Amino acid sequence: MLGYIGATSLRPRLVHPVLLAVLRPVSKFLAVLVGRGFRKWWQALPRHKKEVFRNHLRRNIVRYAVGCGLMGTAGFVYYNNHVTTAPYTGRRRFMAFNSQQQLSISNQLYQVVMEEYADHMLCKDHPMVDCVRRVGNRLLQANNTMPEMYTRVWTVSVVDNSLMNCFVLPTGDIVMFTGMMEVLDNDDQVAAVLAHEMSHTILEHVAEHLSQNYLLDLVILFPVALIWAVLPNDLLAALSHWLLNRVVELFLRLPYSRTLESEADHLGLRLAAKACYDVREFSAFWGKMAVLEKVKKMNGQETEVPFWLSTHPSNEDRQKEMDKQMPEAIDLRQFCKCPSLSLRDPREPIKRLQQSVTEQHNQTSLKGTPLKEGSTASSSS
Ligand SMILES: [Zn+2]
């Protein structure tokens, strides 16, 4: 059952994640120092000594090649030994942390969150806390055959903050913000948010994300050192280093993050279907988020960010993906002998609203004037 997080409940702080957080920038800085140091040393070296160095390299090329090969093999073996299969989805992934280390990371995160929001927690009797606890308990009970559900002590807290956000720590501590609760129309939509966040926990996405960052940081150390060693001056090296970071971000880190989000959406839909929630509200929720976003952009309160620059899939994409997975989720509801869904499909009013906002957006673009105040998604519910 879901417990309540008290504002003063603190857990032992463990050192390991702190060490990791420090080692990451230090290792990058060292790679720059080593590469740049080599370039400066080489540029200052007299011509005859450069020739001695080149001859030494030519004579020992096989030894160096074997050394690099051995290091590469060791790296491959390490990587291979840490590839695991994600539960319920079967996706193969690199996981650098064991259960104990994951617990250490979780406790560290918990500590940071509690210290940040301690003064803004709603009391345990508040209707919003009650609602999150009620929905969370229903999701837990319906999915209590999953070991990841019954081996955790799940807790809930609601932070009085206008942020439209909710997250669950790997320990099972759910933190919801009042800003998010205010846009959720009913328990089914609260379930949409909670089930998605719980799925991140079940699938150990925090540990996986950290593992992936750790691996990428290790892999790019060599190209970083090479850039600073080979390019003729600091300006060129700094520009190339920046470019390398952007390429890694755009082509590896961000797509990976979006994959994890989509995976949590998929599993979340299944968790809610088993708990007999109206799964169509998942799609309606993302539709509403899309409308809210569009209205903010039209009013100039938010700038357009292309999906490939985002850590999350776009709201429209998530809505479409939910619609695609809907028949499977509705079948699962029937399989679990849930009561029939209401004839009123909650997706319909949202789709009509989306259409009207899009038409208004097109007219606004033609006239070049901002959207009038009051044209918000709240009119949909
Ligand atoms: Zn997420």
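Is Lys-337 buried or exposed? Lys-337 counts as exposed, at 74% relative accessibility (buried means under 20% relative accessible area, exposed over 50%, partly exposed in between, with a 1.4 Å probe and protein chains only). This is a predicted model, in which local features need pLDDT of at least 70, side-chain atom pairs count only at pLDDT 80 or more, and totals for chains, interfaces and linings use all residues. Residues are numbered from 1 along each chain as its sequence is written, and side-chain values use heavy atoms, with hydrogens and water left out.

**Disulfide and cysteines**

- The whole structure holds one disulfide (a pair of cysteine sulfur atoms within 2.5 Å).
- Cys-276 and Cys-338 form this bond, at 2.0 Å from S to S.
- The link of Cys-276 and Cys-338 is left-handed, with -75 degrees about the S-S bond.
- The two cysteines sit in distant parts of the chain, 62 residues apart. Cys-276 is in the loop between helix H11 (234–274) and H12, and Cys-338 is in the loop between H13 and helix H14 (347–367). Helices (H or I, at least four residues) and strands (E, at least two) are DSSP runs, numbered from the N terminus.
- Cys-338 has a relative accessible area of 13%, so it is buried.
- Cys-336 is partly exposed, at 28% relative accessible area.
- Cys-68 counts as exposed, at 55% relative accessibility.

**Packing of H12 and H13**

- Helix H12 (residues 280–298) packs on helix H13 (residues 315–335) at an angle of about 165 degrees, and their axes are 8 Å apart. Axes are lines fitted to C-alpha atoms, for helices over the stretch in contact, and angles run from 0 to 180 degrees between N-to-C directions.
- H12 is therefore roughly antiparallel to H13 (under 35 degrees counts as roughly parallel, over 145 as roughly antiparallel, 65 to 115 as roughly perpendicular and the rest as oblique).
- The crossing of H12 and H13 is left-handed (the near helix is turned anticlockwise from the far one by less than a right angle; clockwise is right-handed).
- The H12 side of the contact includes Arg-280, Phe-282, Trp-286 and Met-289, and the H13 side includes Arg-318, Met-322 and Met-326. Contact means heavy atoms within 4.5 Å.
- Residues of the contact of H12 with H13 divide into six nonpolar, four polar and five charged. Ala, Val, Leu, Ile, Met, Phe, Trp, Tyr, Cys and Pro count as nonpolar, Asp, Glu, Lys and Arg as charged, and the others, Gly among them, as polar.

**Packing of H8 and H11**

- Helix H8 (residues 187–202) and H11 pack at about 115 degrees, with axes 7 Å apart.
- H8 and H11 are therefore roughly perpendicular to each other.
- H8 and H11 cross in a right-handed sense.
- H8 contributes residues including Ala-195, Met-198 and Ile-202, and H11 contributes residues including Leu-260, Ala-264 and Leu-271.
- This contact of H8 with H11 divides into eight nonpolar, four polar and two charged residues.

**Single residues**

- Ser-257 is in helix H11 and is buried, at 6% relative accessibility.
- Ser-257 touches His-209 and Thr-311, leaving out residues up to four places away in sequence.
- Lys-337 lies in the loop between H13 and H14. Lys-337 is not a glycine, yet has a positive phi of about 55 degrees.
- Tyr-88 is not a glycine either, and has a positive phi of about 70 degrees.
- Tyr-88 is in the loop between strand S2 (83–85) and strand S3 (92–94) and is partly exposed, at 44% relative accessibility.
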